[in-house]
Amino acid sequence: MGTVIDSHFLALTAIVTIGYQFAFFVVTALFKFDKVTDFAGSTNFIILAVLTLVLKGTWRYRQVLLTVFVVIWGLRLALFLLMRILQWGEDRRFDEMRGNLGKLAVFWIFQAVWVWTVSLPVTVVNASDRNPSVDAALIAGSIMWLIGLTSEALADQQKLTFKNSPTNRGKWCNIGLWKYTRHPNYFGEIFLWWGIFVAASPVLYGAEWLVILGPIFLTLLLLFVSGIPLLEDSADKKYGNVAEYREYKRVTSPLIPLPPAVYGSLPSWFKTVFLFEFPFYSRSFPQEGKGQPKGVDQLKRK
């Protein structure tokens, strides 16, 4: 079907993303209804992938495969997050935003940037006329995507089941994948999007390699902004004086899955340099000797 606005669909996907996110922003602002925020983000990825595939109309196997990858990931995440927020009743991230239109607008602008930027590898592949044969990059990227998707989906379900059990009240999730990394869902999401980039790479030429900004942006976002730092801060404030939690944090990798015995024995400098155990992940972690360490049973009785 050819070119629409620009040959790489960059302007088109930007316009669609801005319009889609703006519509949900209006709903949120007018009705103070924030249950669709994550749904709006996840489904936006699907819209961009399918739209660019259909508009290009070449239906090459790499284009179709990467689009299917995005659709599967986006649908699973959108439905999971929607069901979870309907069950919880409210999204605490918006407690300070509901009455502040400026802060709310910043959130939706940032979400639009996130969707458009992370989608870049699929957008450019779907717009491309190049059609390399099946290669090692496609196979490796597909395996990475599968590992990432499985990790994210399994981690989400394990934590939801854990939190829904009355016997786990006052506890942090440390079962399944959560035994080997404090944020297995984020590991899965980062890994699958790097997999999509790897699978897309044989199509890229010249300035198109800038689509690597997509997985880089996602990685930096989760490592330094809205992902791990916020959850670490929240968990440390809630459980930081619990002896069992302090030990869990000491022996459990923040992102990359590793056996606790291995991670716990590594030197601090190695954890920081190679395993993303940044000092600011413990800015709210009580120092040794300050506050009386509590057991899990004490926390549950509070």
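This is a predicted model: local features need pLDDT of at least 70, side-chain atom pairs count only at pLDDT 80 or more; totals for chains, interfaces and linings use all residues.
Some ground rules. Local features need pLDDT of at least 70, side-chain atom pairs count only at pLDDT 80 or more, and totals for chains, interfaces and linings use all residues. Numbering starts from 1 along each chain as its sequence is written, and side-chain values use heavy atoms, with hydrogens and water left out.

Overall picture. The protein has 13 helices and zero strands. Helices here are DSSP runs of H or I with at least four residues, strands are E runs of at least two, and both are numbered from the N terminus. Of the 302 residues, 47% count as buried. Buried means under 20% relative accessible area, exposed means over 50%, and partly exposed is in between, with a 1.4 Å probe and protein chains only. The accessible surface comes to about 14,700 Å². Carbon and sulfur atoms hold 69% of that surface. The areas come from the Shrake-Rupley method with a 1.4 Å probe, and for residues only the protein chains shown count as cover.

Now contacts, meaning heavy atoms within 4.5 Å. Take those between residues at least 6 apart in sequence: 77% of them join residues at least 24 apart.

Next, helix H5, residues 120-127. How many of its residues are buried? Eight of its eight. Among them are Leu120, Pro121, Thr123 and Asn126. What do the buried residues of H5 pack against? Helices H1 (10-31), H2 (37-56), H3 (61-88), H4, H7 (184-200) and H8 (213-225).

Step back to helix H4, residues 101-118, where Thr117 sits. Thr117 counts as buried because its relative accessibility is 11%. A polar atom of its side chain lies 2.7 Å from the backbone oxygen of Val113. Leave aside neighbours within four places in sequence, and Thr117 is in contact with Leu213, Gly214 and Phe217.

On to charge. Side chains of opposite charge can pair when their charged atoms come close. I count a salt bridge when a side-chain nitrogen of Lys or Arg is within 4 Å of a carboxyl oxygen of Asp or Glu. The structure holds twelve.

First pair to show: Asp129 and Lys56, with the closest N and O atoms 2.8 Å apart. This pair links distant parts of the chain, 73 residues apart. Asp129 is in the loop between H5 and helix H6 (136-164), and Lys56 is in helix H2. Asp129 is exposed, at 57% relative accessible area. Lys56 counts as buried, at 11%.

Next pair: Arg130 and Glu208, at 2.3 Å, N to O. Again distant parts of the chain are linked, 78 residues apart. Arg130 is in the loop between H5 and H6, whereas Glu208 is in the loop between H7 and H8. Arg130 counts as partly exposed, at 35% relative accessibility. Glu208 is buried, with a relative accessible area of 13%.

Then a local pair. Asp233 and Lys237 meet in a salt bridge at 3.2 Å, N to O. Both lie in helix H9, residues 228-239, four residues apart, about one turn of the helix. Is Asp233 buried or exposed? Buried, because its relative accessibility is 17%. Lys237 is exposed, at 61%.

Last item: a network. Salt bridges link Arg182, Glu232, Asp236, Lys249 and Glu277.

Notes:
A polar contact is a pair of N or O atoms within 3.5 Å; within protein, one must be able to donate a hydrogen and the other to accept it, and residues adjacent in sequence count only if both atoms are side-chain atoms.
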